Amino acid sequence: MIKQNYIKKIEVYFIIIFLLLPLLFDDIVYNHIMVIAGIYAIAALGLSLFLGYAGQISIGHAAFFGIGGYSMAILSTRFGLPSALSLLAAGLISGLLAFIVGKPILKLREYFLALATIGLVQIFQVFATELTDLTGGVSGIYGIPWFSIFGFEFDTSLKQFYLVWFILYILFVYSRHLIHSKYGKASLAVAFNEDTSKTIGIDPSQVKLNFFVLSAVYAGIGGGLFVSVLTSVSPESFGLNMSVIFVMMVIIGGMGSLFGTITGAVLLTWIINWLGEYQAYSLPFFGIILILFLVFLPEGIFRGIGLRWFDFVRTYADENWRKEIDK
Amino acid sequence: MPFEIFVQLAISGLTTGAIYSLIALGFITIYRASNILNLAQGEFVMLGALCAVFFIEKLGFSYFPAAVTSIFLVSMAGLFLQRAVIHPIRDEPVLILIMVTIGLSIFMSGSAGILFGPSPRSLPPFIDAPSFEIFNSVRINTQSFFVIGATLLLVIILYMVSRYTFIGKAMEAVSTDRLGSDLTGIPGNFIVMLSFGISAGIGAIAGIFITPLFFTQYNSGAILGLKGFSAAVIGGWGKYSGAVLGGLILGVVESVSVGFIPAGYKDAIAFIVLLLILYFKPKGILGSRALEESRK
């Protein structure tokens, strides 16, 4: 086998431009939103592997996001653990919990899997509110220290921007290697047809569990970064709406496209931020935007717009152009 | 726990359970006709209740016309939403369908918050009668009889309709084999639309019956819908009898649990019961062909 090098030249240019963007804008609001977008993108990236590659359904990743967040908050405030270690632990704890609940839940399919994962979010939210001694109840935990490595504190939005997007890039590269490896291909086989995948020696339940745990680890890391950026944590940040937002990021980006997921995360974070200005009207508008995306571009923005454009051209283009395209 | 308190909790649980059953019936009516799961079902309950409150308080309707108008309007909303949103994407993957119904649910609860205001509302009881007393200290609200009675009546009607009428059989046929039913001349799209209308109507009925007992707010639909769906799965997905049994069991378990654990955990009970049932008895209590097929 030839070992492929997936980092392409165009990607390097893209990264350089992207890293220069916050310096050009140098606006605290812009930087903060991009930090949040990056964090959501980390969680959505994991979910993208589970939804797009293992072909399963989860509307419960806000629970793992929250478990990561609370682990980070409790470990770094109560036990005074260094934040890099807490972040690692946040990912591992949420992965471990996903392993425990994943075994029975992943036997389900479609609607019932969706319901069971929604149940996880509801159960998590009740426990986060009620275990007052551990989680601080409704008001949550305050005064979580900034993320720091070897005494270097990430205390401004600009520093956090580079931190979050660096972690996101590492996870992105890892995910890309994963989906091009034999595990990624096995997962696609499972998503296509579980029964056929068994005949070529793949264990579907194992593949699904692996991807579920991996996506929970991503969500846990995202949650840990989320609370260290906001320096506080409370149960209402991790409700069903958050889960729906993660799933929408994957759908808007296009199922099975990792780069698309990150684009979807950035786009949706900006939309949510923009909707926040409309106060009471933001909720119905958010619903309408979700419905419009799903009805008109269910394949995601890139593939969806591409397909629509192709249809448009085929319908209205003149004879020569049509022949050109049909070639 | 003293016996009286247990009975008291169990009876109030039966009442809540009857509401869960009604919501579960709504889920199953749509599923039996179209194999679609409509997660916005709980919002129909909320809409039905708030519309009725609006007609009585703002427009000065008396009770019965307000209830009928509200049920009619919510059914129309169900028909319209199916036509406008669900119909164009009916062939998309399950995940897209689920997300669309969640989007609908967010849209409906948000709009209701703007239209009817954010404060919790309630209705007067159906008849102005004092509550009963049994075993010296156990009190039963008269409204409970209406709720449980309505649930039993509706499940009997739905069963009769699905068993003995053309429309019921057509619904079954459309969900079993779309092409086959199209070939026999059954208007498939109309049947699916009708099922959404009926299901929205059932939701509105549940809303109107529950509001004299509990406050209803623009955002109380989502959790009711999820619990109704859980009830349908617990009882045995796809069966009317399963929906009623699951709803009643869920209501009683949830209500009695307050006697053993702190009341704050009550909302988690439904989902813990659901996960346990899915794990140990995945077909539900009465068994379900649909769930068996969906699990390997």
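The legends below describe close-up views of a predicted model.

**View 1. The salt-bridge network around K227(B).** K227(B), E254(B) and D267(B) are linked in a network of salt bridges. In one of its pairs, the side chains of E254(B) and K227(B) meet with an N to O distance of 3.2 Å. Because E254(B) lies in helix α10 (residues 240–257) of chain B and K227(B) in helix α9 (residues 221–235) of chain B, this pair ties together parts that are 27 residues apart in sequence. K227(B) also forms a salt bridge with D267(B), for which the closest N and O atoms are 2.9 Å apart. That pair links distant parts of the chain, with K227(B) in helix α9 of chain B and D267(B) in helix α11 (residues 266–280) of chain B, 40 residues apart. K227(B) is buried, with a relative accessible area of 5%, and E254(B) is buried too, whereas D267(B) is partly exposed, with a relative accessible area of 36%.

**View 2. The salt bridge between E299(A) and R308(A).** The side chains of E299(A) and R308(A) meet in a salt bridge, with 3.3 Å from N to O. E299(A) is partly exposed, its relative accessible area being 23%, and R308(A) is likewise partly exposed, at 34%. A search of the whole structure finds four salt bridges over all chains, and this pair in chain A is one of the salt bridges in the model.

View 3. S34(B) is found in helix α1 of chain B, which covers residues 3–34. When neighbours within four places in sequence are left aside, S34(B) is in contact with S175(B), V192(B) and F196(B). The relative accessible area of S34(B) is 16%, which is under the 20% cut-off, and the residue therefore counts as buried.

**View 4. The interface of chain B and chain A.** The area buried between chain B and chain A is about 4,000 Å², of which carbon and sulfur atoms give 83%. On the side of chain B that touches chain A, α4 (94–116), α9, α11 and α12 (289–293) of chain B each supply at least two residues, and α4(B) gives the most, with 16 residues. The residues on this side of chain B divide into 33 nonpolar, eight polar and five charged. In total, the contact takes 46 residues from chain B and 43 residues from chain A. Between the two chains the count of salt bridges is zero, while two residue pairs are found in polar contact across the interface, both at pLDDT 80 or more.

Key:
Residues are numbered from 1 along each chain as its sequence is written. Chains are lettered from A and ligands numbered from 1 in the order in which they are written. This is a predicted model: local features need pLDDT of at least 70, side-chain atom pairs count only at pLDDT 80 or more; totals for chains, interfaces and linings use all residues. Side-chain values use heavy atoms; hydrogens and water are left out. Helices (H or I, at least four residues) and strands (E, at least two) are DSSP runs, numbered from the N terminus. Buried means under 20% relative accessible area, exposed over 50%, partly exposed in between (1.4 Å probe, protein chains only). Contact means heavy atoms within 4.5 Å. Buried area is the accessible area (1.4 Å probe) that two parts lose on being put together, summed over both. A polar contact is a pair of N or O atoms within 3.5 Å; within protein, one must be able to donate a hydrogen and the other to accept it, and residues adjacent in sequence count only if both atoms are side-chain atoms. Ala, Val, Leu, Ile, Met, Phe, Trp, Tyr, Cys and Pro count as nonpolar, Asp, Glu, Lys and Arg as charged, and the others, Gly among them, as polar.
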